[in-house]
Amino acid sequence: MISRRHYLKYSALAGAATLLPTGLIHAIQHDGLITRAVPKTGEKLPIVGLGSSASFRRLAEGEDVSPLLDVIKALVDGGGSVFDTAPSYGASEEVAGRIVQQLGVSDDIFWATKVNVVPRGGSRADPDAARAQIERSFSYIGKDPIDLIQVHNIRDVPTQLAILKELKEEGRLRYIGATYTGQSRFPELADVMRGEPIDFIGVNYAVDDRSAAAQIFPIAQDRGIAVLVYVPFGRTRLWSRVGDRSVPEWAREIGIESWAQFFIKFAAAHPAVTTVTPATSKAHHMLDNLGAAVGELPDAAMQKRMAEYVDALPTA
Ligand SMILES: NC(=O)c1ccc[n+]([C@@H]2O[C@H](COP(=O)([O-])OP(=O)(O)OC[C@H]3O[C@@H](n4cnc5c(N)ncnc54)[C@H](OP(=O)(O)O)[C@@H]3O)[C@@H](O)[C@H]2O)c1
């Protein structure tokens, strides 16, 4: 349930009262955002979060980062918490860390970052460099323990995950995991999920990119691994596919008011999914995305209809 403090901040945000449909404000006030439990601990996380590559990264590297302050404020004031970043997303991690501390919301954010120091074209991580990268993440967020660090793109898992396991043992990390987006290395990700004591994975899944549901999610459910969904819009792919079409009326029946909510609700509906983390650089998009975490999620029949609708669209 969103607190009164949060709600007041929320309504005041960037004229949110005029930006937001009244139904959304009421739903957040009354029911809060839909959450899912992290299987290993039962900790509940809102099903919509925020990613920080793509457009977020572009702004983080620009002159004026104030729109990102509005985005992070919208995330927290709207009742969200999960923020996904990585040392390789340019200035995103550093800028977000500064903003979070400036806003005094470190404790409201579930901070998910990554480690990867394998050089381009190489295959081995230097353990000292990996430790130094992780310490930089600690200094950016100013929070110890960090909620989650994952081995980025399953690069040199033996070296980098060993360090994460050690840090978790020392109480400096709450959760550890591994990420991969693509498809060709799903078997490798599956091996890590079966063979290592990880708490989370991050993987690509979208209404037009459903392979993870067949190849990865059953293992996550079987092994009690939480799932962060990456690239739920295919970055620009799904936006080009729907073009200027309106959201179909039958989707509006379950409270879908925008294409972002259509795509996020589809991804969040899979029971293996913990949190969907689209990136955005705009506060009103953040609020739109959080709107996917209120009301109903599509049932199996509706998910099938959504997938068939998108499959029938011409590819851009
Ligand atoms: N291997 C890995 O570990 C890995 C790989 C890929 C991604 N990730 C994580 O997953 C996150 C999400 O993936 P992504 O950033 O690649 O792609 P994405 O979330 O599928 O798409 C982001 C794009 O959608 C736009 N957008 C966001 N909300 C919108 C809305 N409500 N209406 C219209 N447009 C909207 C954003 O532009 P605006 O700024 O205009 O909103 C941005 O261009 C990443 O940021 C990253 O944190 C991890």
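How far from an oxygen atom of the ligand does a backbone N or O atom of Ser52 lie?

Analyst: Quick background: this is a predicted model, where local features need pLDDT of at least 70, side-chain atom pairs count only at pLDDT 80 or more, and totals for chains, interfaces and linings use all residues. Residues are numbered from 1 along each chain as its sequence is written, and side-chain values use heavy atoms, with hydrogens and water left out.

Now, Ser52: one of its backbone N or O atoms is 3.0 Å from a ligand oxygen. That's a polar contact (a pair of N or O atoms within 3.5 Å). Ala279 also has a polar backbone atom 3.0 Å from an oxygen of the ligand, while Trp239 uses a polar side-chain atom, 3.3 Å from a ligand oxygen. On its own the ligand has 890 Å² of accessible area, and the protein covers 91% of that (Shrake-Rupley method, 1.4 Å probe).

Who else is around? The shell holds 29 residues, each with a heavy atom within 4 Å of the ligand. Ser55, Thr280, Ser281, Lys282 and His285 are the closest. Sorted by class, ten are nonpolar, 14 polar and five charged.

Two helices (DSSP runs of H or I, at least four residues), α4 (54-60) and α15 (283-290), each supply at least two shell residues. α15 gives the most, with three. It's also largely enclosed by the rest of the structure, because six of its eight residues are buried, meaning under 20% relative accessible area (1.4 Å probe, protein chains only). Those are Ala283, Met286, Leu287, Asp288, Asn289 and Leu290.

Technical notes: Polar contact = N/O pair within 3.5 Å; in protein donor to acceptor, adjacent residues only side chain to side chain. Nonpolar A, V, L, I, M, F, W, Y, C, P; charged D, E, K, R; others polar. Buried < 20%, exposed > 50% of the residue type's maximum accessible area, 1.4 Å probe, protein only.
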